[in-house]
Amino acid sequence: MQFRLFVFAASFIATMTFIAGAQDFLTVDESAIRHHAQQQASPVYPPIAKAAQVQGTVVLSVKIDASGRVESVQAQSGPPMLRQAAIDAFRQWTFQPFEKDGKAVKATGSISIAFDLGKDGSTPDELKTAKEYFAVDGECRKAVSNHSDVTNAASVCDHAAKIAEQFPSDRRFIEKRSAYVWAAWATIYNNDFSAGLNWAKKAVMVVQLKHDDNSGSNAAYTVLALAEAKSGDLQSADSSFSTAEDFGRKAIAWAKQVGFEHGDSYRQSLNQDLHLHAQVLQVLNRPQDAQKKLDEAATLQ
């Protein structure tokens, strides 16, 4: 999660794919966007974000007109404190026009703009920890996605979270929250509810520092609610699901406002939260409240 401008070899550029999009737009991949860039501007690290030690990658949804100028740019994801800086920088980019059938056309796609505090005082030890963390984090996600060995997934994700705990207390917030959420999910599905609850609480503690976006906050409170429910604390699970749902609704509203093309994933997350919450409410003998959750879920389908 650091800001770099990538230079791609000509042999790689030759393999780029261009897919015709609606309204005479070409949908292009990130390598094509970077290859066509003629003038690039580096983002200015927001002082408030630097002071809060916030870093990470902002994913932008961009449209480039037929003359090679930026037509529109919106943030899809990334730390809220960094999004406007990424947008402001990208608006200054200019491009060699994209072509289809020999004619200049508009293009649309996504590009990642990363911000790295490693260039602003990260110690060698922190950079070493980050390198180790990202390697194990990748193994964790693959193990969870595989579904075939939940014990291994729990072990790998637990390891990644313990590495993340070594990051300084005043930085690497997104990495820590993400690591704790994945560890919570993995250990819960391995029926280690105590470990799952521990990691979920750590994830929420990071979220409460207010350096995350609504989607990340939703994930932290969802896994906390699940851990509480699995541990038999249904009253706490009820409260945590409500908080998760609030963040989920905000994430959906934001996606709608900016036209985020993957906003359906936020709707799916909220739909899941509402169904799980309804189950908790049924056990708490609150059938009317449970039905309200199911009714709201039905509007998301």
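## Crossing of H5 and H7

Helix H5 crosses helix H7 in the left-handed sense; a crossing has that hand if the near helix is turned anticlockwise from the far one by less than a right angle, and is right-handed if clockwise. H5 covers residues 124-146 and H7 residues 173-189, and their axes come within 11 Å at an angle of roughly 35 degrees. The axes are lines fitted to C-alpha atoms, for helices over the stretch in contact, with angles running from 0 to 180 degrees between N-to-C directions. From H5, the contact takes in Tyr 133, Phe 134, Cys 140, Arg 141 and Val 144, and from H7 it takes in Glu 175, Ser 178, Ala 179, Trp 182 and Ala 186. Contact here means heavy atoms within 4.5 Å. By class, these residues are seven nonpolar, one polar and two charged. The nonpolar class holds Ala, Val, Leu, Ile, Met, Phe, Trp, Tyr, Cys and Pro, the charged class Asp, Glu, Lys and Arg, and the polar class the others, Gly among them.

This is a predicted model, in which local features need pLDDT of at least 70 and side-chain atom pairs count only at pLDDT 80 or more, while totals for chains, interfaces and linings use all residues. Residues are numbered from 1 along each chain as its sequence is written, and side-chain values use heavy atoms, with hydrogens and water left out.

## Overall content

The protein has 12 helices and eight strands. Helices (H or I, at least four residues) and strands (E, at least two) are DSSP runs, numbered from the N terminus. Of the 301 residues, 48% are buried. Buried stands for under 20% relative accessible area, exposed for over 50%, and partly exposed for values in between (1.4 Å probe, protein chains only). Counting contacts between residues at least 6 apart in sequence, 69% join residues at least 24 apart.

## The disulfide

One disulfide is found in a search of the whole structure, the criterion being a pair of cysteine sulfur atoms within 2.5 Å. A disulfide is a covalent bond between the sulfur atoms of two cysteines. The pair is Cys 140 and Cys 157, with 2.0 Å between the sulfur atoms. It links distant parts of the chain, Cys 140 lying in helix H5 and Cys 157 in helix H6 (residues 150-164), 17 residues apart.

The S-S torsion of Cys 140 and Cys 157 is about 95 degrees, so this disulfide is right-handed. Cys 140 is buried at a relative accessible area of 1%, and Cys 157 is buried at 0%. Cys 140 is also one of the H5 residues in the contact with H7.

## Strand pairing around S8

Strand S8 (residues 103-115) pairs in the parallel sense with strand S2 (residues 25-28) over three bridges; two strands pair if DSSP finds at least two bridges between them. Leu 26 has Ala 107 of S8 as its bridge partner. Strand S4 (residues 56-64) runs antiparallel to S8 and is joined to it by nine bridges, with Val 62 opposite Gly 109.

Strand S7 (residues 98-100) is an antiparallel partner of S8 over three bridges, and Lys 100 stands opposite Lys 103. S7 and S8 form a hairpin with two residues between them, and Asp 101 in the turn has a positive phi of about 55 degrees.

## Two asparagines with positive phi

Most residues other than glycine have a negative phi. Asn 191 has a positive phi, near 65 degrees, and lies in the loop between H7 and helix H8 (193-207). Its relative accessibility is 60%, so Asn 191 counts as exposed.

Asn 285 also has a positive phi, near 60 degrees. Asn 285 sits in the loop between helix H11 (264-283) and helix H12 (287-298) and is exposed at 64% relative accessibility.

## Two buried residues

Lys 176 belongs to helix H7 and is buried at 7% relative accessibility. Leaving aside neighbours within four places in sequence, Lys 176 contacts Ala 164, Phe 167, Pro 168, Ser 169, Arg 171 and Val 206. The C-alpha atoms of Lys 176 and Ala 203 are 7.3 Å apart, with 27 residues separating the two along the chain.

Thr 94 is in strand S6 (residues 94-95) and counts as buried at 18% relative accessibility. Not counting residues up to four places away in sequence, Thr 94 touches His 36, Ala 37, Gln 38, Gln 39, Gly 68 and Arg 69.
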